[in-house]
Amino acid sequence: MAGITGYAWGTSIKECYNEGSIETVANAAAGIGGLCQTSWIDSCYNSGKISASRYVGGICADLYKYASANNCYNTGKLYIKNDNESQDVYIGGITALSSLSKSDEYKIKNCYNVGEITKAENINNRTVAIGNISGKHEGGIIENCYYKENEIKAIGVNNSEIQESSIRQMKEKDMKDKAMIDMLNSDSDNYYYDAMNINNGYPILKFQYKIQKGDANGDGKVDFKDILVINKHRLGKTQLTGIYLEAADVTGDGIADFKDILKINKYRLGKISSL
Ligand SMILES: [Ca+2]
Ligand SMILES: [Ca+2]
């Protein structure tokens, strides 16, 4: 059972999210995909509470073979509820289980977990594999992933050659820092700073970013700093691109120039009420 699909095979899942609670007595539950094989999961997040009896993953329950999870994050609480002492249980901030083919295409990459992970009730003698990224990792590459510091390991049971030190534990304030965005965007630009505080200050994905006209520096406010960055752009000292250029262009003529500065200044001084 999962927020988007129970079983994914030969599928690309992109820019999907789950914000609802999924609490089931079934074996497995995940925010995005249950069993994911020969599938590419990109730019997805879960913020809902997830619970099942054996396998719980923030993004996937089982990421298997020719599969990848890139640019995904979990902020939802994850837990197992299982009274059957003969059953092993697995929880992972990104995936409960991972066993990936070793290749550049199939990796867990640029992901983070800040969701609370709680241990199973009635643990007793069974295997309980709990990890901030993967509950049990059997093989394949995990790179450039992060989690908020807690007492739980990066990988619960690690049967692969992956070094856990390659997954970084961070303090909450560092994960909310602008520098975190550059770290997650090591080879892409999928994350943005949460200027509007829609994700408690943690990095958000590109498709979540809501553009506010005039906010050319993306700090959630329209003020003199935006005029400064547009002026620098106008003079060729720095270049505004993408959503920042779009935000700067309040006149809607496709460029950011002195006319935009004048309009933002009028707005700033209360002479016009909107941009
Ligand atoms: Ca601004
Ligand atoms: Ca313009």
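1. Among contacts in the protein chain between residues at least 6 apart in sequence, 64% join residues at least 24 apart. Two residues are in contact if their C-beta atoms, placed from the backbone, lie within 7 Å. The structure is a predicted model, in which local features need pLDDT of at least 70, side-chain atom pairs count only at pLDDT 80 or more, and totals for chains, interfaces and linings use all residues. Residues are numbered from 1 along each chain as its sequence is written, while chains are lettered from A and ligands numbered from 1 in the order in which they are written.

2. Buried residues account for 47% of the 275 residues in the protein chain. A residue is buried with 20 or more other C-beta atoms within 10 Å of its own, exposed with 12 or fewer, and partly exposed in between, the C-beta atoms being placed from the backbone. The C-alpha atoms fill a box of roughly 70 × 35 × 35 Å along the principal axes.

3. The protein chain has five helices and 24 strands. These are DSSP runs numbered from the N terminus: helices are H or I of at least four residues, strands E of at least two.

4. An open sheet with parallel pairing is formed by six strands in the order β2-β6-β10-β15-β20-β22. Its edge strands, β2 (17-18) and β22 (168-170), each pair on one side only. Strands pair if DSSP finds at least two bridges between them. Between β6 (residues 45-46) and β10 (residues 73-74) there are two bridges, in the parallel sense; Y45 stands opposite Y73 in β10.

5. G201 lies in the loop between β23 (191-192) and β24 (204-205). Because G201 has 16 C-beta neighbours inside 10 Å, it counts as partly exposed. Leaving aside neighbours within four places in sequence, G201 is in contact with K176 and D194.
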